[in-house]
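Subject: Structure handover

Hello,

Here is the structure you were waiting for. My notes follow below it.

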Amino acid sequence: MKSKSDRKQVIARRGADASQANPRSFLKTAESLAEIGRGFYARGWVLGTSGNFSAMVSREPLRLAITSTGLDKGGLKAAQFLEIDDQAKVIRGDGRPSAEALLHVAIVRVVEARAVLHTHSVWSTVLSGTHARHGGIALQGYEMLKGLAGVQTHKHCEWLPILENSQDMVELADRVSITLREKPDTHGFLLQEHGLYTWGESLAEAKRHVEILEFLMEVLVRSGAAQTA
């Protein structure tokens, strides 16, 4: 029978082997994320160095391709992505991930998403501030809701929880996990006066969710709903 230390070494080797066996998968994923990031920048959703994006390279062991911190998303390139493990430690690439990488890991674990996208639009910043006292914001009656996975009618009510922002990412990741377990049907959440997090079973689905939710938040702000909360 193998000792505990032997088993740990086997697991570590398997993790390393899985990482090294997927260079093409990592590069393809990073290229797709970079293209999406540049598109989001062009739409004004990730200005400055805001926002971060990730997508799964492998589930077992968990490996994510994720943006390095402090990047201008307008010129985002595949070479600027890192590969991290389930502790948000860098396995591949140069640089360091955003501290919010822990939130990406938490989301992937709880909802079993394959991609997580985080934007900092004007609309999400405004609504997450004006509606914070309600604990979230309801989106209902809009045809665009049908772009969210599993939604069949404009009568659907999508509840976007709003979580108080924090610089303690371990504590915030715990609150994100609790919120997603309590609201398993939600397609995203807002961090107060910070931005939107959403996800999908594929990178294409996650991108679509960003587009749908950003559109609806812009409608609410432009229609005056933010002032009547």
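A salt bridge here is a side-chain nitrogen of Lys or Arg within 4 Å of a carboxyl oxygen of Asp or Glu. The model is predicted, so local features need pLDDT of at least 70 and side-chain atom pairs count only at pLDDT 80 or more, while totals for chains, interfaces and linings use all residues. Residues are numbered from 1 along each chain as its sequence is written, and side-chain values use heavy atoms, with hydrogens and water left out.

Asp85

Asp85 lies in the loop between strand E3 (81–84) and strand E4 (90–92); strands (E, at least two residues) are DSSP runs, numbered from the N terminus. Asp85 is buried but has no salt bridge, and Arg63, the nearest side chain of opposite charge, is 5.0 Å away. Buried means under 20% relative accessible area (1.4 Å probe, protein chains only); Lys and Arg count as positive and Asp and Glu as negative, with His and the chain ends not counted. The side chain of Asp85 does reach backbone nitrogens: that of Gln87 lies 2.8 Å from one of its polar atoms, and that of Lys89 is at 2.9 Å.

Aromatic rings

There are four aromatic pairs, with ring centres (for Trp, the six-membered ring) within 6.5 Å; planes under 30 degrees apart count as stacked, over 60 as edge-to-face and the rest as tilted. Phe40 and Phe53 are edge-to-face, at 5.9 Å centre to centre and 75 degrees between the planes. Phe40 is buried at 2% relative accessible area, and Phe53 at 0%. Phe189 and Tyr197 are stacked, at 5.3 Å and 15 degrees; both are buried.

Regards

Note on methods
Buried < 20%, exposed > 50% of the residue type's maximum accessible area, 1.4 Å probe, protein only. Helix = DSSP H or I, 4+ residues; strand = E, 2+ residues; numbered from the N terminus. Polar contact = N/O pair within 3.5 Å; in protein donor to acceptor, adjacent residues only side chain to side chain.
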